[in-house]
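Hello,

Here is the structure for you to look over. My notes follow below it.

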Amino acid sequence: MIRMISRAALLIASVSASFAMAASLNFEHLQVRATPPGASNSGGYMVVENPSNQSHALVAVESGIAKSIELHTHEMKDGVMSMHKVKDIVVPAGGQVVFQPGGYHIMIMGLHYTLKVGDMVHFTMILKNGEKIAVHAPVVAPEDIKQHDNKMHMGSSDSMHKKHMKMDDETEHH
């Protein structure tokens with residue numbers, strides 16, 4: 001009888017531990033923009049959902065595909081769209097944030113190789129609480145980048161993004 005109770009307690013403890021180890025944020029609909037030969041930069045897009053009852057902040061993204069990877073956003077200022085790095089992106093409790101052209105995105109700079117349609121990119125998402133979450137994103141053609149509706153952050157269209165973007169060649173967004 002004691003052995004049966006011990007096994008049940010061990011089972012309950014292992015199930016509880018697996019729930020505690022579940023990711024704080026869910027990363028869905030991940031995509032990375034394919035690049036033409038010789039291009040040095042690209043962008044990553046996704047929907048980040050927070051199923052928990054507390055907000056969580058995404059602070060960094062790591063991958064071996066490039067020299068530098070940053071969290072970026074776009075802003076319209078004086079009629080000109082500009083892009084800049086952000087220190088974190090807070091995903092509110094029970095909410096979501098959409099990464100898409102013209103809004104939040106993963107800026108991939110100094111690519112080590114050309115990103116071809118069908119490739120898979122491996123990222124590690126780093127949260128402010130120190131949690132690291134491994135994700136995979138397919139590389140898709142620029143015209144196949146999906147726009148997602150977002151209650152938290154609406155981005156501009158890709159054509160407006162290209163027309164009003166003000167940046168140098170080093171930070172060009174593909």
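Contact means heavy atoms within 4.5 Å. Residues 150–174 are also below 50 in pLDDT, but this stretch has 57 contacts in the model beyond near neighbours in sequence. The protein chain averages 79, with 72% of the residues at 70 or above.

This is a predicted model, so local features need pLDDT of at least 70 and side-chain atom pairs count only at pLDDT 80 or more, while totals for chains, interfaces and linings use all residues. Numbering runs from 1 along each chain as its sequence is written, and side-chain values use heavy atoms, with hydrogens and water left out.

Now Phe99. Phe99 is buried, at 0% relative accessible area (buried is under 20%, exposed over 50%, partly exposed in between, with a 1.4 Å probe and protein chains only). Beyond four places in sequence, its contacts include Met46, Val48, Leu58 and Ile106.

Phe99 belongs to strand β7, residues 96–99. Strands are DSSP runs of E, at least two residues, numbered from the N terminus. Both faces of β7 are covered: Gln96 and Val98 are buried on one side, Val97 and Phe99 on the other. β7 pairs antiparallel with β2 (residues 41–49) over four bridges; pairing takes at least two DSSP bridges. Val48 stands opposite Val97.

Best regards

Conventions:
pLDDT = per-residue confidence, 0-100.
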